[in-house]
Amino acid sequence: HRYKWKHVVPQQQKQRPVGSVLPPALASCWIFLQDRQQDAGDLPERAADAGSVLLLLLAGLAAAEGREAPGVPAAGPRLRSVLGPVYVFAATHAAERPWTSARSQSVARELLAELLRATGCGSVAEFLRGRNEDEEGRFAAVMGLLKQELTKDTWKRNPATKHVFSWTLLHITRPWLSHYLESVLPPSLLISDDYQEENKILGVRCLHHIILNVPAADLCQFNRAQVVYHALYNHLYSREAPLIEAVLLCLLDLLPVLERAQRHQKETRPTAPCDEVLQLVLTHMEAEHRLALRRVYARALPAFVQRLGIRIARHLKRLERVVLGYLEVCDGPEEEARLGILETLRCTIEHAWPRMPCRLPVLLKALLKMIWDVHTDQGSTPEPVKAALLQGATECLILLDRCSEGQVKVLLEGVYSSCEEGRVRECTADPMFTLLFVQ
């Protein structure tokens, strides 16, 4: 840390070509940024100053190499040797972070744009992966720089490293990402296994991107998919709604990969991974009282029912308790939990309709009670939300009536004829409700 800003371009190198000055300048800029003798609050300004110098040097180097090869995008050996460090510097300061300011972000974006112009690339993704599958991009060089800071003992020393890695990873898609699976999967698992919720969510999102953009065969090789599954499954015990939402979305895309692998390997297991996940989710839903978590669970539940299909019959007893409990409770103006549970009930009836007649009395009572609550609600629930709730309940009643051979209509006619309460008659006369009788 004995170097100061005046050493960015050493005196003895001032007369040397730009290409030979830039690597020492990069090192000097890094030492300048790391100087702990200066106030940490000055880091954004120091980064902006270093970025401005790098911007001038990079432009000079690109121009020099352009003169050597007119009409060809500058990508000579001297430029290639600094692409990785300059990209990492720009990515570190391009977004709004605690260590950036408006000026440092602007300079970093300019530096990134100059980097793309110098290499003749149209986007960051093209810069990292190459223009086509045959051309090698700069992702391997960038990961080579980040790898030493993404180990178990070092990744938390620099808070910028995880964000640079995540931002870079999201630019690499199918089919390129499979070539780098060995280098991106361990850091993603490492970040997701942290105790801080922010890091867990970041790691899970990285894992989700990998699952979406790597072929299933590569994910199943060396049991990688099982490792990811167990890491995600452990997060289901969390009590934080944003993390649970990210994990459930990730699992929904991972479960088909696991099930396909089991079919190919002809494994026989008493319960599939989807059954294990749904069983744990229903257990948590049954006792959950936080509205934020109830909404997250209810939004994800229909997708799990669709994935299981007829196999949802294994979970009907617990699912019925969850449905009844969630239909009873209003969860705010948007009624996300109730809407999600109505969609879950509709999907369940469609897939497990032979098991519905024996549950008709309980389900019918819960649906009618919810319709009554919605119709008599004088609170802040918007009319479109009320209409969506009545529409969802009506669709469930229609499906129940079809699988019970008209028993719902018979019971509802009895309710209408035997009830003297004017508001109940008004409720059953609602257009959404009477839709049942014209089916």
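1. Proline 175 sits in the loop between α7 (159-169) and α8 (181-192). The model is a predicted one. The peptide bond running from arginine 174 to proline 175 is cis, and its omega is near 5°. Most peptide bonds are trans.

2. Most residues other than glycine have a negative phi. Glutamate 335 has a positive phi, near 50°. This residue lies in the loop between α15 (316-328) and α16 (336-351). Is glutamate 335 buried or exposed? With a relative accessible area of 2%, glutamate 335 is buried, because the cut-off for that class is under 20%.

3. Glutamate 405 also has a positive phi, near 60°, and is placed in the loop between α18 and α19 (407-418). Its relative accessible area is 74%, so glutamate 405 counts as exposed.

4. Helix α17 (residues 360-376) and helix α18 (residues 383-403) have axes that come within 10 Å and cross at roughly 160°. The pair is therefore roughly antiparallel, since angles over 145 degrees fall in that class. The crossing of α17 and α18 is left-handed.

5. On the α17 side, the contact includes Leu360, Leu363, Met370 and Val374; on the α18 side, the residues include Lys386, Leu389, Ala393 and Cys396. By class, the contact residues of α17 and α18 are 13 nonpolar, no polar and one charged.

6. For the chain overall, the secondary structure amounts to 21 helices and zero strands. Of the 439 residues, 51% are buried. Among contacts between residues at least 6 apart in sequence, 69% join residues at least 24 apart. The accessible surface is about 21,500 Å², with 54% belonging to carbon and sulfur atoms.

Technical notes:
Residues numbered from 1 in each chain as written. Predicted model: local features only at pLDDT ≥ 70, side-chain atom pairs only at ≥ 80, totals over all residues. Heavy atoms only, no water. Axes fitted to C-alpha atoms, helices over the stretch in contact; angles between N-to-C directions. Helix = DSSP H or I, 4+ residues; strand = E, 2+ residues; numbered from the N terminus. Parallel < 35°, antiparallel > 145°, perpendicular 65-115°, else oblique. Left-handed = near helix turned anticlockwise from the far one by under 90°. Contact = heavy atoms within 4.5 Å. Nonpolar A, V, L, I, M, F, W, Y, C, P; charged D, E, K, R; others polar. Buried < 20%, exposed > 50% of the residue type's maximum accessible area, 1.4 Å probe, protein only. Areas by Shrake-Rupley, 256 points an atom, 1.4 Å probe, with all protein chains shown as cover.
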